[in-house]
Amino acid sequence: TKTVELLEFNNMIGEPIPVVTAKWLSHRIAAKDDNLRILDCGRWPTAEGEFTDNHLPGAQFYNESDMDLSLGSPPSPDKFSAYVSSLGISNRNHVIVYQGKPLNNGAGATRTWWMFRYHGHHNVSVLEGGLDLWRSNNLPLTSETIIYPRVKFEVKLFPQLLKEFDEILSNIENREFQYIDTRQLKHLKDNWKKRNQVIYQEHSTFQKVNYLMKME
């Protein structure tokens with residue numbers, strides 16, 4: 001109840017909502033809120049096929065590969081604008097992102113959330129619990145596809161939301177900002193030889209601090 005009240009308050013004062021609940025979203029879908037745009041952001045090989053079989057009503061499949069990304073980099077403003085416009089998303093829409101499986105801590109959905117914010121669209125929210133929690137609440141799913149008319153999405157970059165490799169390196173000494181590596185610890189251990197050892201040690205420190213806090 002408190003979460004729903006907070007969402008309603010944030011809507012009233014025009015504040016961005018980082019996370020929405022399944023209950024809140026189901027109410028907005030039932031109310032036929034035409035300002036919503038819902039995106040399934042699965043990033044594994046079978047994700048698009050699974051989306052076709054079962055997805056939230058009104059959802060579209062968000063496929064990063066359609067923007068021809070280079071590894072680890074965001075798309076250019078022109079590519080992002082063209083792709084998002086083709087999904088019928090304008091700057092006025094409230095975008096909801098979710099993931100069909102809880103892989104990599106929901107990185108597909110949260111990366112898309114960040115991607116919209118980086119390109120200047122702050123009215124974007126992650127669906128709490130993704131498709132799994134939606135299913136566990138016995139909320140409706142569909143195989144029907146929806147195509148929205150193409151609209152105009154204008155980009156206004158927020159470059160402060162992206163840190164370059166050199167900035168991360170210098171921050172080890174300067175401590176100008178805090179960063180968190182959200183990968184699972186096993187992935188850090190498996191891949192550390194491929195990366196700068198100093199950065200691995202820095203990430204390990206965050207992991208150890210996080211572990212000790214949980215123990216306490």
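This is a predicted model: local features need pLDDT of at least 70, side-chain atom pairs count only at pLDDT 80 or more; totals for chains, interfaces and linings use all residues.
Reader: How many helices and strands does the protein have, and in what order do they run?

Author: The protein has nine helices and five strands. From the N terminus, the order is α-β-α-β-α-β-α-β-α-β-α-α-α-α.

Reader: What makes a residue count as buried, and what share of the protein is buried?

Author: A residue is called buried because its relative accessible area is under 20%. Buried residues account for 38% of the 216 residues in the protein.

Reader: Why is the set that includes Leu39, Tyr62 and Phe80 called a nonpolar core?

Author: The term requires buried residues of kinds such as Leu, Tyr and Phe, joined through side-chain atoms within 4.5 Å. Leu39, Tyr62 and Phe80 belong to such a set, therefore the name applies. This is the largest nonpolar core, with 19 residues, and Ile89, Val95, Val97 and Phe116 are also among those with the most contacts inside it.

Reader: Which elements supply this core?

Author: Helix H4 (77-86), strand S4 (94-98), helix H5 (107-118) and strand S5 (124-127) each supply at least two residues. H5 gives the most, with five residues.

Reader: What makes Phe80 a contact of Tyr62?

Author: A contact requires heavy atoms within 4.5 Å, and Phe80 and Tyr62 are therefore in contact. Leaving aside neighbours within four places in sequence, the contacts of Tyr62 also include Leu39, Met67, Tyr83, Met115 and Phe116.

Reader: Which residues does the second core include?

Author: The second core is separate and has 18 residues, including Trp44, Ala47, Phe51 and Phe61.

Key. Residues are numbered from 1 along each chain as its sequence is written. Side-chain values use heavy atoms; hydrogens and water are left out. Helices (H or I, at least four residues) and strands (E, at least two) are DSSP runs, numbered from the N terminus. Buried means under 20% relative accessible area, exposed over 50%, partly exposed in between (1.4 Å probe, protein chains only).
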